[in-house]
Amino acid sequence: MRAWIDGHLLDDPDGPAVSVVDHGLTVGDGVFEAVKVVDGRPFALGLHLERLQRSAAGLGLPAVDLALVREGVDAVLSGQDLTLGRIRVTVTGGPAPLGSGRGEHPPTLVVVAAPMDPTSDTTSVVTVPWPRNERGALAGLKTTSYAENVVALAEARRRGATEAIFANLAGHLCEGTGSNVFYVVDGELRTPTLASGCLAGVTRALLLDWYGGVEVDEPIGVAEAADEVFLVSTTRDVQAVTRWGEHELPVGPLTQDAAAAWSAREPELLGR
Ligand SMILES: Cc1ncc(COP(=O)(O)O)c(C=O)c1O
């Protein structure tokens, strides 16, 4: 792993770097992005940085210096040959007084890069009982307040799955802890709208553009009983779901087509 913070590379990427009173640390006042790296080149970095800026604005953080972020990305990628990896960019409220109020210091900016194992083509998911709040202040933002995801993912793993799926307060399908969900009903490929409270996934948007699909909000039970289901995300790409709870699923034709469309178009956004 290589790590960069506020303009400089760390000699020891695991060593101390962030203030003990950083507002991201205790109260989750921060935003982040995870970007895939293939053959040393980031995938869709521009789209991720746009979302980072939107998340920061949604949290009321100052505008992120994206040129500085790109410097950090170049720094963590140089000198290592990442065949497959992940960059994580984090921006926090910076050092602050104890409590929920923000301080006067500038934000903290961290960029790290590390190798990543390839994900398998198929996976299994479970529905977790805790709803996403599509009306909350953080809905749709990629913030460092991700502890709900930690709890949900641990529950999924306890039940033998790799991803936890949330409904929202309306009882509609929302998203996974780190993925968006597509499913097939009556031969139609569907995915929740952004009004469901799901993150505006980069992979979701690109797949809708490159392959298509209908955005619709409906009870999670419809998706749980679908003919095909797949997850999309930076780390999973297009990943078929072969079991949702007790429901076994095939890797159906639309899933296969969507995965093929993804693989065909993905190289276009490497290094961009
Ligand atoms: C909550 C959540 N939903 C969906 C996604 C998928 O988004 P992307 O395709 O940009 O990785 C992620 C991953 O970043 C996420 O954290």
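Colleague: Let me pick a residue to begin with: is Glu215 buried, partly exposed or exposed?
Modeller: Please keep in mind that this is a predicted model. Glu215 has a relative accessible area of 43%, and because that value falls between the limits of 20% and 50%, the residue counts as partly exposed.

Colleague: And which residue forms a salt bridge with Glu215?
Modeller: That is Arg204, and the closest N and O atoms of the two are 2.6 Å apart. Arg204 belongs to helix 5 and Glu215 to strand 12 (residues 214-215), so the pair ties together parts that lie 11 residues apart in sequence. Arg204, with 4% relative accessibility, counts as buried, whereas Glu215 is partly exposed.

Colleague: What about the rest of helix 5, is it mostly covered or open?
Modeller: It is mostly covered, since seven of the nine residues in helix 5 are buried. Just after helix 5 comes Gly212, which takes a positive phi of about 105 degrees.

Colleague: Okay, changing topic: how many residues surround the ligand, and which are the closest?
Modeller: The ligand is surrounded by 17 residues, and the closest are Lys142, Tyr146, Glu175, Thr203 and Thr234. Sorted by class, this shell holds three nonpolar, 10 polar and four charged residues. Helix 2 (45-59), strand 9 (173-176) and helix 5 (202-210) each contribute at least two residues to the shell.

Colleague: Which side chains have an N or O atom 2.6 Å or 2.5 Å from an oxygen atom of the ligand?
Modeller: For Lys142, an N or O atom of the side chain is 2.6 Å from a ligand oxygen, and for Thr203 the corresponding distance is 2.5 Å. Val202 also takes part, though through its backbone, where a polar atom is 2.8 Å from an oxygen of the ligand.

Colleague: How much of the ligand does the protein bury?
Modeller: The protein buries 96% of the 380 Å² that the ligand exposes when taken alone.

Colleague: What else does Arg132 meet in a salt bridge?
Modeller: Its side chain also meets that of Glu148, at 4.0 Å from N to O. Glu148 lies in helix 4 (residues 147-158) while Arg132 is in the loop between strand 7 (122-127) and helix 4, so this pair ties together parts 16 residues apart in sequence.

Colleague: And how many salt bridges does the count come to?
Modeller: The count comes to 12 salt bridges. Lys36, Asp237 and Glu266 are linked in a network of them.

Colleague: Last one, about the surface: which residues make the nonpolar patch?
Modeller: Val20, Val21 and Leu98 make that patch, which covers about 340 Å². Val20 lies in the loop between strand 2 (8-9) and helix 1 (23-27), and Val20 counts as exposed because its relative accessibility is 71%, over the 50% limit.

Key. Residues are numbered from 1 along each chain as its sequence is written. This is a predicted model: local features need pLDDT of at least 70, side-chain atom pairs count only at pLDDT 80 or more; totals for chains, interfaces and linings use all residues. Side-chain values use heavy atoms; hydrogens and water are left out. A residue is near a molecule or strand if one of its heavy atoms lies within 4 Å of it. A polar contact is a pair of N or O atoms within 3.5 Å; within protein, one must be able to donate a hydrogen and the other to accept it, and residues adjacent in sequence count only if both atoms are side-chain atoms. Accessible areas come from the Shrake-Rupley method with a 1.4 Å probe; for residues, only the protein chains shown count as cover. Helices (H or I, at least four residues) and strands (E, at least two) are DSSP runs, numbered from the N terminus. Ala, Val, Leu, Ile, Met, Phe, Trp, Tyr, Cys and Pro count as nonpolar, Asp, Glu, Lys and Arg as charged, and the others, Gly among them, as polar. Patches are made of residues with over 30% relative accessible area and no salt bridge: like charges are joined within 9 Å, nonpolar side chains (Val, Leu, Ile, Met, Phe, Trp, Tyr) within 5 Å. Buried means under 20% relative accessible area, exposed over 50%, partly exposed in between (1.4 Å probe, protein chains only).
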